[in-house]
Amino acid sequence: MFKIETFTLGPLQTNCYLLTEETGKRAFIVDPGMGPKRLIERIKERGLTIEAIVLTHAHFDHMAGVDDVRRAFGCPVYLHDAEADWLTDARKNGSARWEDVTPPLTTEPAEYALSEGQQLELIGHTFRIMHTPGHSPGSVSLLCGEHLLSGDVLFRQSVGRTDLPGGKERDLYDSIRTKLYKLDPAVRVYPGHGPQTTIGYEMANNPFVPA
């Protein structure tokens with residue numbers, strides 16, 4: 001299988017994930033947030049080859065470390081086309097709106113687009129892309145076996161906010177009910193903030209998802 005290591009980065013406590021093949025040196029990164037120094041040092045210590053950066057969405061707290069990681073490892077970035085211009089626009093990625101948290105942030109565009117049902121081959125495994133809009137129009141979740149990286153769509157006993165530009169409450173609930181809640185209850189969820197959970201636990205205990 002593969003290993004998933006969590007780095008909680010920046011003032012918004014964003015979960016960045018480093019996924020590494022069980023035996024070997026290949027890895028990829030999901031959502032390198034603000035201040036990724038510890039992440040970069042860890043990768044260099046282990047001598048890992050970074051195959052890609054995958055962004056679940058392009059809000060600033062999930063993409064702020066993209067340039068640092070790109071410079072360090074020369075890896076491409078994947079992002080859903082609905083947010084293709086967010087990396088280059090501080091207003092759209094939200095950094096221009098949060099002056100008390102960060103200066104305006106921009107980076108170069110993503111090299112590759114993500115889309116619903118895409119099979120992403122990384123570290124010797126296949127990750128299925130699920131387009132799960134609502135928190136933002138280009139939000140995606142990554143599924144491989146019984147592991148789901150959900151970005152800011154589904155949290156432990158909570159859901160992503162929908163009051164930011166491009167957010168839609170109905171889309172968020174549809175994404176959760178018609179896509180995520182259709183997965184095996186044993187699937188472990190790795191969210192963009194907070195602790196891990198499972199699909200089954202959220203179906204039984206999440207108070208924010210209407211029946």
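Author: Let's start with a term: contact here means heavy atoms within 4.5 Å. Keep in mind that this is a predicted model.

Reader: Okay, which residues of α1 and α3 meet?

Author: From α1 you get Leu39, Ile40, Ile43 and Lys44, and they meet Asp68, Val69, Ala72 and Phe73 of α3. Sorted by class, that contact has six nonpolar residues, two charged ones and no polar ones.

Reader: How do I read the way α1 and α3 cross?

Author: In general, a packed pair of helices is described by two things, the angle between the axes and the distance between them. Here, the axes of α1 (residues 37–46) and α3 (residues 66–73) come within 10 Å and cross at roughly 20°. Angles under 35 degrees count as roughly parallel, so α1 and α3 are roughly parallel to each other. The crossing of α1 past α3 is right-handed.

Reader: Now the rings. How many aromatic pairs does the structure hold?

Author: Five. Take Phe2 and Phe127: their ring centres are 5.4 Å apart and their planes sit at 45°, so this pair is tilted. Phe2 belongs to strand β1 (residues 2–9) and Phe127 to strand β8 (residues 125–131), so the pair ties together parts 125 residues apart in sequence.

Reader: And what about Phe28 and Phe127?

Author: That pair is edge-to-face, at 5.0 Å centre to centre with 80° between the planes. Phe2, Phe28 and Phe127 form one aromatic cluster.

How values were computed: Residues numbered from 1 in each chain as written. Predicted model: local features only at pLDDT ≥ 70, side-chain atom pairs only at ≥ 80, totals over all residues. Heavy atoms only, no water. Axes fitted to C-alpha atoms, helices over the stretch in contact; angles between N-to-C directions. Helix = DSSP H or I, 4+ residues; strand = E, 2+ residues; numbered from the N terminus. Parallel < 35°, antiparallel > 145°, perpendicular 65-115°, else oblique. Left-handed = near helix turned anticlockwise from the far one by under 90°. Nonpolar A, V, L, I, M, F, W, Y, C, P; charged D, E, K, R; others polar. Phe/Tyr/Trp six-rings, centres within 6.5 Å; stacked < 30°, edge-to-face > 60°.
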